[in-house]
Amino acid sequence: MHTVAAADLQIPAIGFGTWQLEGKTAQSMVETALELGYRHVDTAHIYNNEAEVGAALASSGDERGDIFVTTKIWIDSFAKDDLARAAETSIKKLGGPVDLLLLHWPKPDVPLAETIEALNAVKARGLTRGIGVSNFPSKLLKEAAQLSESPLITDQVEYHPYLSQQAVLQTLRDMGGALTAWSPIAQGRVVKDP
(Lines give C-alpha, C1' and ligand atoms only; values in the text may rest on other atoms or scores of the structure.)
Protein backbone atom coordinates (compact mmCIF):
# COMPACT_ATOMS: atom_id res chain seq x y z
CA MET A 1 0.00 0.00 0.00
CA HIS A 2 1.40 3.36 -1.04
CA THR A 3 1.31 6.02 1.67
CA VAL A 4 1.92 9.74 1.91
CA ALA A 5 3.99 11.00 4.84
CA ALA A 6 2.85 14.07 6.72
CA ALA A 7 4.43 14.92 10.07
CA ASP A 8 4.39 11.60 11.95
CA LEU A 9 1.50 10.02 10.02
CA GLN A 10 1.54 7.69 7.04
CA ILE A 11 -1.69 8.29 5.14
CA PRO A 12 -2.86 5.69 2.60
CA ALA A 13 -2.58 7.50 -0.74
CA ILE A 14 -5.95 6.34 -2.04
CA GLY A 15 -9.00 6.83 0.14
CA PHE A 16 -12.67 5.99 -0.11
CA GLY A 17 -14.81 9.12 0.24
CA THR A 18 -18.33 8.80 1.57
CA TRP A 19 -19.86 12.13 0.56
CA GLN A 20 -23.45 11.61 -0.66
CA LEU A 21 -23.63 8.05 0.74
CA GLU A 22 -26.38 7.58 3.29
CA GLY A 23 -27.98 4.86 5.39
CA LYS A 24 -27.55 1.21 4.46
CA THR A 25 -26.00 2.24 1.13
CA ALA A 26 -23.19 4.02 2.99
CA GLN A 27 -22.51 0.99 5.19
CA SER A 28 -22.61 -1.44 2.26
CA MET A 29 -20.35 0.72 0.08
CA VAL A 30 -17.76 1.11 2.86
CA GLU A 31 -17.86 -2.64 3.57
CA THR A 32 -17.29 -3.33 -0.14
CA ALA A 33 -14.48 -0.75 -0.35
CA LEU A 34 -12.73 -2.42 2.60
CA GLU A 35 -13.17 -5.87 1.03
CA LEU A 36 -11.57 -4.51 -2.16
CA GLY A 37 -8.55 -3.29 -0.23
CA TYR A 38 -9.19 0.36 0.59
CA ARG A 39 -7.48 1.25 3.86
CA HIS A 40 -8.46 4.92 4.12
CA VAL A 41 -12.06 5.99 4.66
CA ASP A 42 -13.12 9.63 4.68
CA THR A 43 -16.36 10.91 6.21
CA ALA A 44 -17.69 14.02 7.95
CA HIS A 45 -20.33 15.00 10.45
CA ILE A 46 -22.28 16.85 7.75
CA TYR A 47 -22.39 13.73 5.55
CA ASN A 48 -24.74 12.20 8.13
CA ASN A 49 -23.17 8.76 7.73
CA GLU A 50 -20.58 8.42 10.50
CA ALA A 51 -22.66 5.76 12.30
CA GLU A 52 -22.91 3.71 9.09
CA VAL A 53 -19.19 4.11 8.43
CA GLY A 54 -18.53 3.02 12.01
CA ALA A 55 -20.77 -0.04 11.55
CA ALA A 56 -18.90 -0.95 8.36
CA LEU A 57 -15.56 -0.61 10.14
CA ALA A 58 -16.79 -2.82 12.97
CA SER A 59 -18.17 -5.51 10.66
CA SER A 60 -15.13 -5.61 8.39
CA GLY A 61 -13.12 -8.03 10.52
CA ASP A 62 -10.09 -5.76 10.08
CA GLU A 63 -8.16 -4.48 13.06
CA ARG A 64 -9.24 -0.89 13.65
CA GLY A 65 -5.60 0.23 13.53
CA ASP A 66 -5.28 -1.18 9.99
CA ILE A 67 -7.83 1.28 8.58
CA PHE A 68 -7.06 5.00 8.42
CA VAL A 69 -10.16 7.06 9.24
CA THR A 70 -10.63 10.75 8.53
CA THR A 71 -13.63 12.78 9.65
CA LYS A 72 -14.45 16.45 9.66
CA ILE A 73 -16.10 18.82 12.15
CA TRP A 74 -18.81 21.02 10.64
CA ILE A 75 -18.70 24.82 10.96
CA ASP A 76 -21.57 25.01 13.45
CA SER A 77 -19.29 23.35 16.03
CA PHE A 78 -16.17 25.52 15.82
CA ALA A 79 -16.56 27.23 19.22
CA LYS A 80 -14.38 25.64 21.91
CA ASP A 81 -16.91 23.52 23.83
CA ASP A 82 -18.94 22.74 20.71
CA LEU A 83 -15.90 21.35 18.92
CA ALA A 84 -15.07 19.01 21.79
CA ARG A 85 -18.66 17.71 21.90
CA ALA A 86 -18.78 17.28 18.11
CA ALA A 87 -15.50 15.36 18.14
CA GLU A 88 -16.74 13.10 20.93
CA THR A 89 -19.96 12.41 19.02
CA SER A 90 -18.08 11.58 15.82
CA ILE A 91 -15.64 9.31 17.65
CA LYS A 92 -18.52 7.44 19.31
CA LYS A 93 -20.30 6.93 15.98
CA LEU A 94 -17.09 5.76 14.31
CA GLY A 95 -16.29 3.30 17.08
CA GLY A 96 -13.15 4.87 18.48
CA PRO A 97 -10.48 7.50 17.94
CA VAL A 98 -9.82 8.61 14.38
CA ASP A 99 -6.54 9.03 12.57
CA LEU A 100 -7.27 12.48 11.23
CA LEU A 101 -9.74 15.12 12.41
CA LEU A 102 -10.28 18.14 10.17
CA LEU A 103 -12.09 21.47 10.30
CA HIS A 104 -14.46 21.15 7.34
CA TRP A 105 -14.55 24.76 6.04
CA PRO A 106 -13.25 28.11 7.25
CA LYS A 107 -15.68 30.00 9.46
CA PRO A 108 -14.97 33.65 10.15
CA ASP A 109 -17.71 33.96 12.84
CA VAL A 110 -15.59 32.08 15.40
CA PRO A 111 -12.03 33.27 16.03
CA LEU A 112 -9.62 30.90 14.31
CA ALA A 113 -7.39 30.88 17.41
CA GLU A 114 -10.28 29.53 19.51
CA THR A 115 -11.07 26.79 16.99
CA ILE A 116 -7.45 25.73 16.53
CA GLU A 117 -6.94 25.66 20.32
CA ALA A 118 -10.02 23.42 20.66
CA LEU A 119 -8.78 21.16 17.84
CA ASN A 120 -5.41 20.78 19.59
CA ALA A 121 -7.18 20.00 22.89
CA VAL A 122 -9.12 17.18 21.21
CA LYS A 123 -5.84 15.76 19.89
CA ALA A 124 -4.22 16.07 23.32
CA ARG A 125 -7.11 14.00 24.74
CA GLY A 126 -6.26 11.18 22.32
CA LEU A 127 -9.43 11.40 20.22
CA THR A 128 -7.34 11.71 17.05
CA ARG A 129 -3.78 10.98 15.96
CA GLY A 130 -3.60 14.03 13.71
CA ILE A 131 -5.39 17.28 12.96
CA GLY A 132 -5.85 19.41 9.89
CA VAL A 133 -8.18 21.55 7.84
CA SER A 134 -10.30 21.32 4.73
CA ASN A 135 -11.03 23.95 2.10
CA PHE A 136 -8.65 26.52 3.59
CA PRO A 137 -6.92 28.89 1.13
CA SER A 138 -3.15 29.15 1.55
CA LYS A 139 -3.19 32.41 3.56
CA LEU A 140 -5.66 31.01 6.11
CA LEU A 141 -3.81 27.68 6.16
CA LYS A 142 -0.61 29.51 7.14
CA GLU A 143 -2.45 31.38 9.87
CA ALA A 144 -3.98 28.16 11.22
CA ALA A 145 -0.58 26.45 11.21
CA GLN A 146 0.98 29.30 13.17
CA LEU A 147 -1.77 29.06 15.78
CA SER A 148 -1.50 25.28 16.17
CA GLU A 149 0.68 23.52 18.73
CA SER A 150 0.49 20.29 16.73
CA PRO A 151 1.38 20.15 13.04
CA LEU A 152 -1.51 20.43 10.63
CA ILE A 153 -1.29 17.20 8.67
CA THR A 154 -3.36 18.17 5.65
CA ASP A 155 -5.60 20.60 3.87
CA GLN A 156 -8.33 18.63 2.09
CA VAL A 157 -9.28 20.66 -0.98
CA GLU A 158 -10.86 20.22 -4.38
CA TYR A 159 -7.95 19.25 -6.59
CA HIS A 160 -7.96 17.83 -10.11
CA PRO A 161 -6.51 18.59 -13.57
CA TYR A 162 -8.93 21.47 -14.07
CA LEU A 163 -8.20 23.22 -10.77
CA SER A 164 -4.72 24.26 -9.74
CA GLN A 165 -4.00 24.43 -6.05
CA GLN A 166 -0.34 25.44 -6.40
CA ALA A 167 -0.42 27.99 -3.56
CA VAL A 168 -1.95 25.47 -1.16
CA LEU A 169 0.45 22.74 -2.34
CA GLN A 170 3.47 24.96 -1.73
CA THR A 171 2.23 26.04 1.67
CA LEU A 172 1.73 22.41 2.68
CA ARG A 173 5.20 21.44 1.40
CA ASP A 174 6.72 24.27 3.44
CA MET A 175 4.82 23.04 6.52
CA GLY A 176 5.65 19.36 6.02
CA GLY A 177 1.98 18.56 5.42
CA ALA A 178 0.15 16.79 2.61
CA LEU A 179 -2.65 17.85 0.31
CA THR A 180 -5.70 15.59 0.33
CA ALA A 181 -7.69 15.87 -2.89
CA TRP A 182 -11.45 15.73 -2.95
CA SER A 183 -13.12 15.24 -6.29
CA PRO A 184 -9.78 14.19 -7.85
CA ILE A 185 -11.42 13.15 -11.11
CA ALA A 186 -13.57 16.30 -11.25
CA GLN A 187 -16.75 14.37 -10.52
CA GLY A 188 -16.15 12.12 -13.53
CA ARG A 189 -15.16 14.77 -16.08
CA VAL A 190 -11.52 13.60 -16.16
CA VAL A 191 -12.35 10.07 -17.35
CA LYS A 192 -14.31 11.50 -20.28
CA ASP A 193 -11.51 13.84 -21.35
CA PRO A 194 -9.08 12.37 -23.92
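Q: What covers the buried residues of helix 4?
A: In this predicted model, the cover includes helix 3 (80-94), strand 6 (98-103), strand 7 (128-134) and helix 5 (138-147).

Q: Which residues of helix 4 are called buried, and what makes them so?
A: They are Leu-112, Thr-115, Ile-116, Ala-118, Leu-119, Asn-120 and Val-122. The word applies because buried means under 20% relative accessible area.

Q: How does the reach of helix 4 compare with the span expected at 1.5 Å a residue?
A: Helix 4 (residues 112-124) has 13 residues, and its first and last C-alpha atoms are 18 Å apart. The expected span is 18 Å, and the helix is close to that value.

Q: Which residues of helix 2 and helix 3 meet?
A: Glu-50, Ala-51, Val-53, Gly-54 and Leu-57 of helix 2 meet Ser-90, Lys-93 and Leu-94 of helix 3. By class, this contact has 4 nonpolar, 2 polar and 2 charged residues.

Q: How do you know that the radius of gyration of the protein chain agrees with a compact globule?
A: A compact globule of 194 residues would have a radius of gyration near 16 Å, and the protein chain has 16 Å, so the two agree.

Note on methods:
Residues numbered from 1 in each chain as written. Predicted model: local features only at pLDDT ≥ 70, side-chain atom pairs only at ≥ 80, totals over all residues. Heavy atoms only, no water. Helix = DSSP H or I, 4+ residues; strand = E, 2+ residues; numbered from the N terminus. Expected span 1.5 Å × (residues − 1). Buried < 20%, exposed > 50% of the residue type's maximum accessible area, 1.4 Å probe, protein only. Contact = heavy atoms within 4.5 Å. Nonpolar A, V, L, I, M, F, W, Y, C, P; charged D, E, K, R; others polar. Rg over C-alpha atoms; globule rule 2.2 N^0.38 Å.
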